[in-house]
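Please keep the sequence and the structure in view while reading.

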Amino acid sequence: MYEKKCACCGRTYTAKTSRSKYCCNACRSLDHYRKKRDAEKYGRHIKRVPQTPIYISVPKVEEPMPIPTSITKESVAHGVTALRGDAAFFDAAAQRGPVDYRDVCGEISRGVLNVLGRYGL
Ligand SMILES: [Zn+2]
């Protein structure tokens, strides 16, 4: 048994495992909801710090933006703007990216711009 402080309400409780973080299921889901809400509010994903460091050999890739719960015309327009930026990146990558990636990058760029163009976006 472990004496722990709840990560949500701050109460001290007795945990069965050392990895336990919450005093009850209500606190677990409330904290999860808050983190999700904050991620939407601030536009970034709040990551949990892993217990042991994870070493990876691939370059760090940014996590995609969390998908908002309500999708409006404005958020679609925002997505289109982001997509245009991505298409420009893939176009540049098709010209001067790693040689074996150029074909796929060109195809992604042309595909995205083609779809946006068809809908006048
Ligand atoms: Zn609690």
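Where is proline 66 found? Proline 66 lies in the loop between helix H1 (25-42) and helix H2 (73-96); helices are DSSP runs of H or I with at least four residues, strands are DSSP runs of E with at least two, and both are numbered from the N terminus. This is a predicted model, in which local features need pLDDT of at least 70 and side-chain atom pairs count only at pLDDT 80 or more, while totals for chains, interfaces and linings use all residues. Residues are numbered from 1 along each chain as its sequence is written.

Proline 66 counts as partly exposed because it has 14 C-beta neighbours inside 10 Å. A residue is buried if 20 or more other C-beta atoms lie within 10 Å of its own, exposed if 12 or fewer, and partly exposed in between, with C-beta atoms placed from the backbone. Although 30 residues separate proline 66 from lysine 36 in sequence, their C-alpha atoms are 8.7 Å apart. Another loop residue, lysine 21, is located between E2 and H1. Lysine 21 has 15 other C-beta atoms within 10 Å and is therefore partly exposed. Its C-alpha is 8.3 Å from that of cysteine 8, at a sequence separation of 13 residues. Of the 121 residues of the protein, 3% count as buried.

The overall order of elements is β-β-α-α-α along the sequence, comprising three helices and two strands. Strand E1 (residues 2-5) and strand E2 (residues 12-15) run antiparallel and are joined by four bridges; two strands pair if DSSP finds at least two bridges between them. Tyrosine 2 has alanine 15 in E2 as its bridge partner. Six residues lie between the strands of this hairpin, in which glycine 10 takes a positive phi near 85 degrees.

Turning to the helices, H3 (residues 102-118) has 17 residues and reaches 24 Å from its first C-alpha to its last, close to the expected 24 Å, which is 1.5 Å times one less than the number of residues. Just after H3, glycine 120 adopts a positive phi of about 65 degrees.

How do H2 and H3 pack, and at what angle? Their axes are 8 Å apart and the angle is about 145 degrees, where axes are lines fitted to C-alpha atoms over the stretch in contact and angles run from 0 to 180 degrees between N-to-C directions. The residues of the contact of H2 with H3 divide into 11 nonpolar, two polar and four charged. Here Ala, Val, Leu, Ile, Met, Phe, Trp, Tyr, Cys and Pro count as nonpolar, Asp, Glu, Lys and Arg as charged, and the others, Gly among them, as polar.
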